[in-house]
Amino acid sequence: MEPKKETENIMEYSDFRSDTVTRPTENMRKAMAEAEVGDDVLGDDPTVQKLETMVAEMVGKEAALYVPSGTMGNSISVKVWTQELDEVIVEERAHIYNMESTHMTFISRVTPRSLPSNRGAMAPDLVEQNIRRPTVHIPRTSLICVENTHNNWSGAVVPLENLKAIREIADKHRVRIHFDGARIFNACHATGIPVKEYAKIGDSLMFCLSKGLSAPVGSMLTGPKDFIDYARRIRKALGGGMRQVGVLAASGIVALNEMVDRLAEDHRRAKQLALAIAEIPGIELNPDHIQTNIIIFDLKHPRISIPVFLEELKKRAILALATRGGIRFVTHKDIGDEDVERAISAFKEILV
Ligand SMILES: Cc1ncc(COP(=O)(O)O)c(C=O)c1O
């Protein structure tokens, strides 16, 4: 295949940086243009209401709230479930702990206690040992955060059995669970487990419309009605109350109706890419670890460093990200078979 060359136009790159780069589909744009809207802060936007009702029903929770981003959904959740001086158990590579600008301390004034894991699955007995009862010296553990699929573990699917065991411990100690399910539908596709089963693990569940589901903006926070009522107030306090936001929510409805099933294609392409590049000397990657749409690998090459490799890819109109543990490639709607083939050829050209 003819290698593409670096270009000024971002649309011309094979953009593997993230599934957040997906552009809205034609059906989304049409739905957005035609959306019936009102003032959502005043509770009048019928399209937002439709999306929230649809999502609550879909995941089996009492209520749902449309929020501008996954980070805001996670930060609101921590704020609602905790009090100042509390401690929150997180997995050590979790997005909520590493990649969300420290909102736990900044907004909720709680301390994260990070635990190691087996590719995102924290050992239940370790979780239990780290639940703390407050004294004058010691904080109260009020919340456990879980993430599935796990971004920084290369899109790993955390086993449902592990999550259920953590749920049992949380119940025993009366601690809440917030489930960061930014890519929960990727987990559902990879395992065949219905979203409602995963949703039962969390007192609250957040998922993103703006990643593999390709909506331009937006995430959903779900949970009990009183949790969502309070979450709505916190969203407003954080500046996340939006007015005729039905124009965006309309894209979320299309995302859920039309874009969930195609995630399997992204998984297939990620696996194909992983299997091909794992063969190349210098690439440290176990393709068995690639279960969904994220590939993270290390590069140990005698001549080529990670920044140089990314530059060389860019010259060939391929974009990827440097991340913890090496380099990240993510497949998504705007990555087709030809992008995967181009990436494989570029790897060989640069590294072999
Ligand atoms: C696992 C996980 N949680 C939360 C988020 C935050 O979502 P947003 O970028 O919409 O704030 C991300 C974003 O990549 C993520 O990967």
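**Inside the fold**

Phe207 touches Val55, Val59, Gly181, Ala182, Ile184, Phe185, Ser219, Met220 and Leu256, leaving aside residues up to four places away in sequence, where contact means heavy atoms within 4.5 Å. This is a predicted model, in which local features need pLDDT of at least 70 and side-chain atom pairs count only at pLDDT 80 or more, while totals for chains, interfaces and linings use all residues. Residues are numbered from 1 along each chain as its sequence is written, and side-chain values use heavy atoms, with hydrogens and water left out.

Phe207 is also, together with Ile144 and Tyr198, among the residues with the most contacts inside the largest nonpolar core, which has 54 residues. Such a core is a set of buried Ala, Val, Leu, Ile, Met, Phe, Trp, Tyr and Cys residues joined through side-chain atoms within 4.5 Å, and buried means under 20% relative accessible area (1.4 Å probe, protein chains only). Helix H11 (residues 246–258) gives the most to this core, with seven residues; helices are DSSP runs of H or I with at least four residues, numbered from the N terminus.

H11 also meets helix H1 (residues 26–34): Asn27, Met28, Ala31 and Met32 in H1 are in contact with residues of H11 including Val247, Leu248 and Val254.

Helix H3 (residues 70–81) has twelve residues and reaches 17 Å from its first C-alpha to its last, close to the 16 Å expected at 1.5 Å a residue, a span worked out as 1.5 Å times one less than the number of residues. Ten of its twelve residues are buried, so H3 is largely enclosed by the rest of the structure; among the buried ones are Met72, Ile76 and Trp81.

Note on methods: Buried < 20%, exposed > 50% of the residue type's maximum accessible area, 1.4 Å probe, protein only. Helix = DSSP H or I, 4+ residues; strand = E, 2+ residues; numbered from the N terminus.
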